[in-house]
Each structure stands twice: as C-alpha cells, then as structure tokens.
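Colleague: Could you take me through the ligand site in this model? I would like the surroundings of the ligand first, then the protein behind them.

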Amino acid sequence: MIHKKSKIYVAGHKGMVGTAICKKLSFEGYSNLIYKSSSSLDLTNQTAVYQFIKKEKPQIIINAAAKVGGILANMNFPYEFLMKNMQIQNNLINAAFLNGIDKFIFLGSSCIYPKFASQPIKEEYLLTDSLESTNQWYAIAKISGVKLCESLRKQYKKDYISLMPTNLYGYNDNFDLESSHVLPALIRKFHDAKLNERENVELWGSGKPKREFLFVDDLADAILFCIENKLDESLYNVGVGKDISIIELAKLIQKIVGYKGTISWDLSKPDGTPKKLLDTSKMNKLGWSHSTKLENGIKLTYDWFLNNINNYKKNKL
Ligand code: GFB
C-alpha cells in the first residue's frame with residue numbers, strides 16, 4: 001500500500017522532469033524521497049545500481065534519468081542516445097525486478113511511435129510502422145524500456161508502467177541552442193535577439209511541422225496520479241490533445257518575449273516528424289488531464305529563464 005511515507009526513488013532528480021517530480025511529490029506530502037547525484041551513482045554501472053536499489057529498497061522507482069535532446073542532438077549522437085538510455089533504463093528496471101520493488105514508472109516520449117502514425121496517436125500504434133530517422137536511436141531505446149516493463153507486468157504481474165509524454169517544456173529546461181528542444185531554443189533565440197537588437201532570428205527547418213507541448217509540472221501531476229491510482233495497463237500517453245505549427249509557436253513566443261524583428265527559416269536543418277499529436281484519452285478516462293495552457297506555460301518558462309539566466313550552468317546556455 002502506497003502512503004505519504006513510502007520510500008520513492010527519483011532517478012534523474014536534477015533534470016527538468018526530475019525536479020518537477022520532486023517538487024510535486026514534496027508539495028503533496030511525500031516525505032520519503034530519495035535520490036543520488038550522477039557523481040555518486042553512475043546509472044550506467046549495472047552493479048552500482050543493483051547494490052543501491054538492494055540497500056535502499058524503495059517502494060517506488062521513477063525513472064526520469066535519460067540522455068535527452070532536440071532534433072539535432074539526436075541526429076548527431078546516435079550511439080550515445082541509444083546506448084546510454086538503454087544502459088540507464090535496463091539497469092534500473094532489472095535492479096527493481098531483482099529486488100522485488102513494488103512499482104516502477106518508466107518515462108519515454110512520443111517519438112516512440114511511427115513517423116506517419118494516424119493522428120491522434122493511440123498507444124496501440126506502437127511498432128506498427130517505421131520510425132522518424134532523426135530520433136530512431138532514442139526511440140528504440142525507449143521502446144525497449146516500454147517492452148521491458150510490459151514483459152514484467154505480463155510474466156510476473158509487476159506494477160510497472162510506461163508513461164509517454166509529448167514534447168515537454170518548463171522550468172529547468174535546457175536552453176543550449178545546439179542540444180535543446182524547440183520551445184526553449186525559441187525563447188533563447190528571441191530573447192538574445194531582442195537584447196542585442198538583431199533584425200532577424202533564424203529558425204530551423206520549414207516551420208510547417210506541428211508539435212504538441214506539455215508543461216513539465218503537468219507531467220509531474222500525471223506521475224502523482226499513477227502513484228495514487230492503480231492503472232491496469234502498461235502504456236499510457238500523456239499529452240494536451242492539441243498541437244501547433246512551429247511557425248505559430250514562433251509567433252507566440254516572439255510576442256511573449258517582445259521581439260519585433262523578422263523570422264527566417266534554415267531549410268538545411270531537419271523538420272523531423274511532420275506531426276505527433278498523442279491520443280491521451282486513456283489517461284483522461286481514468287480522471288487525469290493537463291491544466292497549464294500553452295501561452296501561460298511559455299510565460300512561466302520565460303520568467304524562470306529570466307530569473308535564472310545568470311546562475312544557470314554555462315554549458316546549458
Ligand atoms: O523539439 P525538436 O528539437 O525535436 O524540434 P522533435 C521540433 C521542430 O522544431 C523541428 C524545429 O521541426 C525543428 O526543425 N525547430 C525550429 C527547431 N527551430 C528550432 C531550433 O532552434 N531548435 C530546435 N531544437 N528545433 C524530439 C526528439 O523531436 O522530440 C527527442 O528528437 C524527443 O528524442 C523529443 O522525442 C520529445 O520534436 O522533432
């Protein structure tokens with residue numbers, strides 16, 4: 001039985017998602033959260049992970065640790081995106097299983113679904129067609145994590161769940177222009193251009209692709225929902241139910257940042273998947289839905305960026 005004193009291990013607690021999870025669970029009164037910095041526990045070290053889980057025996061493990069990045073990072077570092085994510089998840093899932101951990105929440109992303117899946121994308125569309133080439137490496141790692149949790153649920157009746165959020169954004173995001181996702185990248189680009197009075201901002205691709213965006217605190221709320229409710233299946237999408245073109249997103253962020261210049265498009269950069277709107281009706285029917293509207297979420301994120309731009313780790317900006 002899960003209660004406010006249940007020991008919950010949040011792997012990846014310092015990242016954008018991990019930070020939001022710890023904030024949400026602490027706010028809701030979960031007083032027994034444990035976490036380890038990457039310097040004190042290397043999640044790619046199978047023995048170290050097994051020993052840590054054996055010693056701590058948490059009741060729940062939430063895997064928010066991963067090597068993540070935007071479209072260019074995924075394209076340029078296929079080996080690291082495939083290998084590191086498999087190592088981290090396989091070590092955590094196997095250590096959880098071998099140590100009899102009750103509940104495991106695995107996090108992936110909407111890129112696990114086929115490039116041209118019917119929209120909105122249902123969980124059952126997984127593995128029904130080929131993947132988007134730019135992020136197939138990350139996607140295959142995450143698909144194997146989904147299947148690991150599904151196999152343990154099927155074979156050993158383990159309460160191991162995979163949540164597939166759509167594109168995430170929010171506090172503690174990565175604003176480095178080479179490795180970040182589109183939303184923080186556009187905040188950074190329009191902010192820098194306004195500050196430096198530049199006439200034009202160059203964005204990637206055609207701007208035609210559409211993306212769905214979920215504020216990170218809403219994902220943390222979905223994870224809390226999974227902790228406090230028994231979900232009967234192994235895979236659930238977590239989204240907002242509508243998407244926006246990159247062009248429209250750029251105009252929205254330009255307005256919020258207050259940049260008055262022009263926008264140009266670098267067609268040498270990839271568009272990636274044309275559209276990846278999730279069908280979140282399974283979670284909605286259970287009683288969960290998001291609460292942060294996109295414009296408000298971007299304003300909250302921009303305010304955070306302005307308040308943290310100076311003390312932010314150099315390699316992130
Ligand atoms: O968010 P993003 O990097 O990744 O790019 P994906 C989304 C779209 O924004 C692409 C366009 O069409 C980009 O061409 N874009 C325009 C930009 N300007 C920029 C820019 O300055 N920076 C970036 N990053 N994009 C990711 C996967 O795919 O989705 C990850 O690669 C993960 O593995 C994540 O699954 C959720 O949305 O295309």
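**The ligand site**

Modeller: A polar side-chain atom of Ser 109 lies 2.7 Å from an oxygen atom of the ligand, a polar contact being a pair of N or O atoms within 3.5 Å; within protein, one must be able to donate a hydrogen and the other to accept it, and residues adjacent in sequence count only if both atoms are side-chain atoms. This is a predicted model, in which local features need pLDDT of at least 70 and side-chain atom pairs count only at pLDDT 80 or more, while totals for chains, interfaces and linings use all residues. Residues are numbered from 1 along each chain as its sequence is written, and side-chain values use heavy atoms, with hydrogens and water left out.

Asp 271 contributes through its backbone: a polar atom there is 2.6 Å from a ligand oxygen. For Asn 74, an N or O atom of the side chain is 3.2 Å from an oxygen of the ligand. On its own the ligand has 700 Å² of accessible area, and the protein covers 98% of this (Shrake-Rupley method, 1.4 Å probe; for residues, only the protein chains shown count as cover).

The shell around the ligand holds 23 residues, and the closest are Ser 109, Asn 167, Arg 211, Pro 270 and Asp 271; a residue is near the ligand if one of its heavy atoms lies within 4 Å of it. By class, 11 of the shell residues are nonpolar, eight are polar and four are charged. Here Ala, Val, Leu, Ile, Met, Phe, Trp, Tyr, Cys and Pro count as nonpolar, Asp, Glu, Lys and Arg as charged, and the others, Gly among them, as polar. Helix H6 (182-195) gives the largest share of the shell, four residues. Helices (H or I, at least four residues) and strands (E, at least two) are DSSP runs, numbered from the N terminus.

The largest nonpolar core has 34 residues, and Ile 8, Ile 21, Leu 25, Ile 62, Leu 163, Ile 223 and Ile 227 have the most contacts inside it. Such a core is a set of buried Ala, Val, Leu, Ile, Met, Phe, Trp, Tyr and Cys residues joined through side-chain atoms within 4.5 Å; buried means under 20% relative accessible area, exposed over 50%, and partly exposed in between (1.4 Å probe, protein chains only). H7 supplies nine residues to this core, the most of any element. Leaving aside neighbours within four places in sequence, Ile 21 is in contact (heavy atoms within 4.5 Å) with Val 10, Ile 62, Ala 64, Leu 107, Ala 220 and Ile 223. A second, separate core has 31 residues, including Leu 43, Ala 65, Ile 112 and Ile 121.

Some local geometry remains. The loop between S4 and helix H5 (136-156) contains Pro 120, and the peptide bond from Gln 119 to Pro 120 is cis, with omega near -5°. Leu 127 is found in the loop between S4 and H5; its phi is near 65°, a positive value in a residue other than glycine, and Leu 127 is exposed at 54% relative accessibility. Lys 157, in the loop between H5 and S5, has a positive phi of about 55° although it is not a glycine. Its relative accessible area is 66%, so Lys 157 counts as exposed.

Gln 89 in helix H4 (residues 78-98) is buried, at 1% relative accessibility. Apart from neighbours within four places in sequence, Gln 89 is in contact with Asn 63, Phe 106, Ala 141, Lys 142, Ser 144 and Gly 145.
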